[in-house]
Amino acid sequence: MSHKKLPKVELHLHLEGAAPPSFIRGLAKEKNLDISRIFTPDGTYKYRDFLHFLEVYEAACSALQTPDDFGRLVTAVLEESAANGVIYTEAFISPDFCGGRDVGAWKEYLAAMREAADRAEAAHGIVMRGIITPIRHFGPEKAREVAVCAQKTAGDWIVGLGIGGDESAGDLADFAYAFDMAREAGLQLTAHAGEWCGPSEVIAALDHLKVARIGHGVQAIQDAALVKRLADEGIVLEVCPGSNITLGVYDGLKAHPVKQLRDAGVKVTISTDDPPFFHTNMTLEYDNLATTFGWDENDFRDMNMVAMGAAFCDDATRARLTNKLEKNNV
Ligand code: ADE
Ligand code: ZN
């Protein structure tokens with residue numbers, strides 16, 4: 001059975017990583033930019049492994065050069081998400097790719113994205129909020145500049161700070177300053193950890209960055225004490241099974257720890273990460289979880305309620321969207 005119509009909440013989606021390859025190819029053509037190396041002959045993104053994926057990702061971002069490009073990207077991404085029943089999405093957005101971390105430029109990019117998001121909400125009912133995202137392998141100094149962008153634009157639309165990129169690069173503790181700045185500006189916090197590296201990265205994210213949510217976090221399964229800590233402290237995991245499987249973290253859904261984590265009482269939510277890169281979307285994720293683990297509409301409703309409860313939006317928005325979930329309305 002297809003879960004396309006089921007209302008869904010997505011907490012972990014990289015805006016740039018959600019760009020359809022045809023959209024990026026079109027922009028590259030407009031700008032006379034040759035990035036043909038990042039595409040397969042049939043037009044999908046081409047990469048060998050995780051680090052190469054990050055390189056290809058950055059090459060794709062090089063085609064996104066203006067506020068208008070980002071506005072058009074938001075329109076394309078939200079249309080696709082809404083078509084898959086997503087009623088609320090929190091998207092990671094990197095000021096690194098939006099005017100090189102200059103606050104004035106960032107504000108122009110942000111205005112274009114918000115305008116597009118407002119139009120998408122009016123057309124499709126989908127609600128979007130942004131999580132500003134430093135990139136770990138760009139280093140802590142750049143992360144501080146990103147945090148300044150976050151501080152200057154924190155509010156009802158920019159609601160959080162996250163960190164993505166190469167989890168094996170540098171020490172997460174060195175990013176604590178950027179996260180402290182964001183917390184002081186009223187932003188809520190999440191961090192990619194335990195996607196590739198072991199439980200110690202998840203522990204570092206909790207201890208040093210004091211995050212309420214963890215992006216992925218699946219490697220926590222190797223440490224029973226950490227799994228208990230996640231459950232006891234109500235830490236929410238933004239689990240992206242299709243991403244993990246396509247990137248080769250796990251051999252398949254049967255070997256993926258999402259069910260074990262949920263059964264252990266950890267707050268699990270489901271997202272797509274970078275859907276076109278991983279040949280996925282929210283409908284496919286749900287369909288595959290239902291087939292493999294026998295999860296039904298009640299399981300998905302529970303997970304969506306967990307996600308809505310952990311969303312970084314204001315409480316009025318949360319109440320409005322919770323109501324939609326309760327009524328099963330897209
Ligand atoms: N940026 C985009 N996708 C990512 C992922 N899966 N892990 C880390 N950084 C990312
Ligand atoms: Zn991610």
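## Shell composition

The shell around ligand 1 holds three nonpolar, five polar and three charged residues. This is a predicted model.

The residues that surround ligand 1 are His14, Phe50, Phe53, Tyr57, Gly164, Gly165, His192, Glu195, His216, Asp273 and Asp274. Helix α2 spans residues 50-61. With three residues, helix α2 contributes the most to the shell.

## Polar contacts

In the side chain of glutamate 195, an N or O atom lies 2.7 Å from a ligand nitrogen. Glycine 165 uses its backbone: an N or O atom there is 2.8 Å from a nitrogen of ligand 1. Histidine 14 places a polar side-chain atom 3.5 Å from a ligand nitrogen.

On its own, ligand 1 has 260 Å² of accessible area, and the protein covers 97% of it.

## The cavity

Where does ligand 1 sit? The space that ligand 1 takes up is the largest cavity.

## Overall fold

The protein has 13 helices and eight strands. Its radius of gyration is 18 Å, close to the 20 Å given by the globule rule for 330 residues, so the protein is as compact as a globular protein of that length. The C-alpha trace spans about 50 × 45 × 45 Å along its principal axes.

Key. Residues are numbered from 1 along each chain as its sequence is written. Chains are lettered from A and ligands numbered from 1 in the order in which they are written. This is a predicted model: local features need pLDDT of at least 70, side-chain atom pairs count only at pLDDT 80 or more; totals for chains, interfaces and linings use all residues. Side-chain values use heavy atoms; hydrogens and water are left out. A residue is near a molecule or strand if one of its heavy atoms lies within 4 Å of it. A polar contact is a pair of N or O atoms within 3.5 Å; within protein, one must be able to donate a hydrogen and the other to accept it, and residues adjacent in sequence count only if both atoms are side-chain atoms. Accessible areas come from the Shrake-Rupley method with a 1.4 Å probe; for residues, only the protein chains shown count as cover. On a 1 Å grid over the protein atoms alone, a cavity is a set of points where a 1.4 Å probe fits but cannot get out, and a pocket is an open set with protein on both sides within 12 Å along at least five of seven lines; lining residues have an atom within 4 Å of a point. A molecule sits in a cavity or pocket if more than half of its atoms lie within 2 Å of its grid points. Helices (H or I, at least four residues) and strands (E, at least two) are DSSP runs, numbered from the N terminus. Ala, Val, Leu, Ile, Met, Phe, Trp, Tyr, Cys and Pro count as nonpolar, Asp, Glu, Lys and Arg as charged, and the others, Gly among them, as polar. The radius of gyration is taken over C-alpha atoms; the globule rule is 2.2 Å times the number of residues to the power 0.38.
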